Amino acid sequence: MNIILWLVVGGLIGWVASLIMRTDAQQGMILNVVVGIIGALLGGFLLAPMLGTGTINSNDFSVASLGVSLLGAIILLAIVNLVRRGTAR
């Protein structure tokens, strides 16, 4: 049951991050889940130790962990945009 919750929350985080970064038209549902989960990993490595919280990948579904996961997904999309187009936005 945790895996289903993890996929759903990862998909929602990826979708919100793609709306913020304006890449929603280029992504489908599967890519939103991938962006949400990989973004949560990235946020867990970069931001979680500084803020003292977990991410959705560590089964911590608090507001702080959702924020860290969202920031990680936004950072991931910014890196992809930099590689693809040469600009962060």
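## The loop between H1 and H2

Arg 22 lies in the loop between H1 and H2, where helices (H or I, at least four residues) and strands (E, at least two) are DSSP runs, numbered from the N terminus. The structure is a predicted model, in which local features need pLDDT of at least 70 and side-chain atom pairs count only at pLDDT 80 or more, while totals for chains, interfaces and linings use all residues. Residues are numbered from 1 along each chain as its sequence is written, and side-chain values use heavy atoms, with hydrogens and water left out.

Most residues other than glycine have a negative phi. Arg 22, although it is not a glycine, has a positive phi of about 60°. With a relative accessible area of 62%, Arg 22 is exposed, a word that stands for over 50% relative accessible area, whereas buried means under 20% and partly exposed covers what is in between (1.4 Å probe, protein chains only).

## How H1 and H4 pack

Two packed helices are described by the angle between their axes and the distance between the axes. Helix H1, residues 2-20, packs with helix H4, residues 63-85, at an angle of about 50°, and their axes are 9 Å apart. This angle makes H1 oblique to H4, because angles under 35 degrees count as roughly parallel, over 145 as roughly antiparallel, 65 to 115 as roughly perpendicular and the rest as oblique. The axes are lines fitted to C-alpha atoms, for helices over the stretch in contact, and the angles run from 0 to 180 degrees between N-to-C directions.

## A nonpolar patch and Ile 30

Met 29, Ile 30, Leu 31, Val 34, Ile 38, Leu 41, Phe 45 and Leu 46 make a nonpolar surface patch of about 830 Å². Patches are made of residues with over 30% relative accessible area and no salt bridge, with like charges joined within 9 Å and nonpolar side chains (Val, Leu, Ile, Met, Phe, Trp, Tyr) within 5 Å. A salt bridge is a side-chain nitrogen of Lys or Arg within 4 Å of a carboxyl oxygen of Asp or Glu.

Ile 30, one of the patch residues, has its place in helix H2, residues 29-46, and counts as exposed at 63% relative accessibility.

## Exposed residues and their distances

Gly 52 sits in the loop between helix H3 (48-51) and H4, and is exposed with a relative accessible area of 68%. From C-alpha to C-alpha, Gly 52 and Ala 64 are 9.3 Å apart in space and twelve residues apart in sequence.

In helix H4, Val 63 is exposed, with a relative accessible area of 73%, and its C-alpha atom is separated by 16 Å from that of Met 50, 13 residues apart along the chain. Val 83 is also found in helix H4 and counts as exposed at 72% relative accessibility.

Key: Accessible areas come from the Shrake-Rupley method with a 1.4 Å probe; for residues, only the protein chains shown count as cover.
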